[in-house]
Amino acid sequence: MTSHFLMNFSRPAVYLLVAASVAGCAVSPTTGPEKDTIYRITVMHTNDHHGRFWKNSDGEYGMAARKTVIDSIRHEVAASGGYSLLLDGGDVNTGVPESDLQDAVPDFKGMNLLGYQAMAVGNHEFDKPLSVLKMQRDLAQFSMLSANIYERGERMFAPYQIFRLGGVRVGVMGLTTEDTYKMVSPDRVKDIEFRSVIAEAAKVVPELRRQADVVIAATHMGHYENGNHGTQAVGDVEMARAVDGIDLVVGGHTQNPACMKAENVLERAYVPGTACQPDRQNGTWIVQAHEWGKYVGRADFEYRNGDFKLVKYALIPINLKKLVLTADGKTTLVPYTHEITEDQAMLALLSPYQAYGQLKLGMKIGVTDARIEGDRAVIRAQPAAMGVLIGRATMEKTRADFAVVNAGSVRDSLPAGDITYKDILKVHPFGNTVVTVDLNGAQVMDYLNALAQMTAGSGAFPQFAGIKLVITAGAVTSARLKNEPLEAAKTYRMAVNKFQAIGGDGYPQLTSQPSFVDSGFVDADVLRAFITANSPLKAADFEPGDAVVRR
């Protein structure tokens, strides 16, 4: 049963049909695997695609090379008498302008051609209006699953689907991070609940166990080392420890290879093409394939008499490259493993979308003398130049005294040299508007102290412009604007994006403040105008230096 079929019915009718499909018509609960027979089952997986339907400028990843790998695995598995399943851990949307401008249509069409069978619903599936999500759901020829998303008290998506792989019935359940409500604009999810993943899994797994021989959770919750999730919602490790009966978790959201150095110790320096030991918690294997289609995860299992045994696991790099020194002392990029040819059918499907996107996005709008740092790993952990640049652009546009930028709203760096509109949209893909609020010094200090609690590594991590801070043990001990100490009775104008202002990423809500103003200026347009007006940019002018000191 396809998503398109489900969307044509009212929700109560939908779930009667889903139940009939998974428990009656598609898979008979009275039949199962034969005793003492070995069934070979290969689960392939990806996650956090984020619009990367096309390879990057270095020829890495892309759906065309991914299809070559997946087709090869399917052929190999089938030739040996095995069965395969292709799953995704969610977040198809948001990240590359060519995709964002086209509502990820090329990405979903590419997933159809790749033959995906199910995916978890990710938080970024809610970045655009629900009408776009409905369109994508109609377009998908595979199931979008989530057991814990409820709309007006009813599940918004099918909670699971059961697949027959030979005689083995494999139940795939979907789960979505509870943090989604604070990671997307609240007006997108005002009638939607993201309920406890542990509570929902505890209800669904026993139901699945009565119908399936193997239970897999396709999740978009995150893999946190030893379950240490900080201020983020619980992830795969915590759920696996709390809920018995899950054989495998195919995860996403934290965008890291879930390869373990030792028990409960993550290998943070994983090298493409080397061995990857997946995590295991409470008898549950947990896998995650980094991001962007950089890898296809491959888990080879054997099922016999109720035992689902992992035989082999690998992350297959999709044309990932490394710098090597040549004989003449220069450097060049070479694949970590071997060059994967691109599938011609996929190229034929996607080329018109790539060409259209390039046409729209190739316009030069400015220039910078050096890279302006906005990489995810940097901007979510420490002050970064891109945070300063964005902050200054919003300050200038709104005449604010200082600005705060949540790191999660910044999705890329700016390269040295010419800057195009495409580069701007890679930094700002969400279309947030800039808002201002006038607060007295005491209110500003309360706000800053709330931000000082934000965990490094999360999208909530704050970037600042126009203000100098000393943060000691999670509290602001010094705040200065224009080289003057913050005064409790003085009024200051602060600029943030609307996502922060309405409480996104756990920020204090500002919309009820009498001075709240939504400027209507879109963040990408504000940044573009600032860069155009101030080009050529000197990257050194935006280095944060010692503006924010954490002790």
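1. Two strands pair if DSSP finds at least two bridges between them. Strands (E, at least two residues) and helices (H or I, at least four) are DSSP runs, numbered from the N terminus.

2. This is a predicted model, where local features need pLDDT of at least 70, side-chain atom pairs count only at pLDDT 80 or more, and totals for chains, interfaces and linings use all residues. Residues are numbered from 1 along each chain as its sequence is written, and side-chain values use heavy atoms, leaving out hydrogens and water.

3. Angles run from 0 to 180 degrees between N-to-C directions, with axes fitted to C-alpha atoms, for helices over the stretch in contact.

4. Within this sheet, β23 (433-440) and β28 (491-497) run antiparallel, joined by 7 bridges. Valine 435 has valine 496 in β28 as its bridge partner.

5. Contact means heavy atoms within 4.5 Å.

6. An open sheet of 4 strands runs β27-β26-β25-β30, again with mixed pairing. β27 (484-485) and β30 (548-550) each have a single partner strand, so one side of each lacks a neighbour in the sheet.

7. Strand β26 (475-481) is antiparallel to β27, with 2 bridges. Leucine 481 has glutamate 484 in β27 as its bridge partner. Helix α14 (441-451) lies across β25 (468-472) and β26, at about 130° to β26.
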